[in-house]
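Let's take a walk through this structure together. Have the sequence and the 3D view ready, and follow along from one stop to the next.

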Amino acid sequence: MVHIDLASSEIVLPEYLPVRRYQDVFTENDINRKVWVEYGWDYRRGVVVETVYDETGHEFRKTDKPGYTLNFADRELELAIALAREESSLHELLSASDLNFYAGFVLRNENDAGCKAGSRCVHVIVSRGDGQQHVAHAIVDLMTRRVVHAALDPDRKPDPVADKNRG
């Protein structure tokens, strides 16, 4: 469960964060070998790491995977939401009590100084009510712990709040 009420100062990400792990069978030298494959994000170096363990849990191969993207762990999503809520240009807008926060989707773009290789950029989308009323769409880089785009689509304004006393 992703908490949306945490302060970014409360969230410490480890230097390496496992994100995905699954069991598989590798065939090497005509021998089938049960393995565990883990993908994680290395926050020291800004790269996906693939680690393969034998069935007893001993690591036997570790490979950097530049250019790979991963989903996000809940703790990362909590940090992205906290950083968006604390962003000075969004703080007042994102302080309302009736908001829906969704964080996810990697953004990597070599033409974007904030989200090129080595970044861990994530979309933070905020809506109101049933989720159909747009409030904000920001991009947060978890590597630098900052909002790199407070308004991904700067021409899109938040939808007006409906008058609950009408109709």
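**A walk through the chain**

Start with Glu78, which sits in helix α1. Helices here are DSSP runs of H or I with at least four residues, strands are runs of E with at least two, and both are numbered from the N terminus. Before going on, keep in mind that this is a predicted model, where local features need pLDDT of at least 70, side-chain atom pairs count only at pLDDT 80 or more, and totals for chains, interfaces and linings use all residues. Residues are numbered from 1 along each chain as its sequence is written, and side-chain values use heavy atoms, with hydrogens and water left out.

Is Glu78 buried or exposed? Glu78 counts as buried, because its relative accessibility is 4%; buried means under 20% relative accessible area, exposed over 50%, and partly exposed in between, using a 1.4 Å probe and protein chains only. Its side chain reaches the backbone nitrogen of His3 at 2.9 Å. Leaving out neighbours within four places in sequence, Glu78 is in contact (heavy atoms within 4.5 Å) with Met1, Val2, His3, Leu6 and Ile11.

Now zoom out to the helix around Glu78. Helix α1 covers residues 74–86, 13 residues in total, and spans 18 Å from its first C-alpha to its last, close to the 18 Å expected at 1.5 Å a residue. That expected span is 1.5 Å times one less than the number of residues. The buried residues of α1 are Glu76, Leu77, Glu78, Leu79, Ala80, Ile81, Ala82, Leu83 and Ala84. What covers them includes the strands β1 (16–28), β5 (99–107), β6 (121–128), β7 (133–141) and β8 (146–149).

One of those strands, β6, holds Val124. With a relative accessibility of 1%, Val124 counts as buried. Not counting residues up to four places away in sequence, Val124 touches Ala80, Ile81, Ala84, Tyr102, Ala103, Ala136, His137, Ala138 and Val140. Val124 and Arg75 are 49 residues apart in sequence, and their C-alpha atoms are 14 Å apart in space.

Step back once more to the whole chain. There are one helix and eight strands, in the order β-β-β-β-α-β-β-β-β along the sequence. The radius of gyration is 19 Å, well over the 15 Å that the globule rule gives for 167 residues, so the chain is more spread out than a compact globule. (That radius is taken over C-alpha atoms, and the rule is 2.2 Å times the number of residues to the power 0.38.) The C-alpha atoms fill a box of roughly 70 × 35 × 30 Å along the principal axes. Of the 167 residues, 40% are buried.

Last stop: the aromatic rings. How many aromatic pairs does a search of the whole structure find? It finds four, where rings of Phe, Tyr and Trp (its six-membered ring) pair if their centres lie within 6.5 Å, and planes under 30 degrees apart count as stacked, over 60 as edge-to-face and the rest as tilted. Tyr22 and Tyr39 make a stacked pair, 6.5 Å centre to centre with 20° between the planes. This pair links distant parts of the chain, with Tyr22 in strand β1 and Tyr39 in strand β2 (residues 31–42), 17 residues apart. Tyr22 is partly exposed at 25% relative accessible area, whereas Tyr39 counts as buried at 10%. Ring pairs also link Tyr22, Tyr39 and Tyr68 into a cluster.

Methods
Polar contact = N/O pair within 3.5 Å; in protein donor to acceptor, adjacent residues only side chain to side chain.
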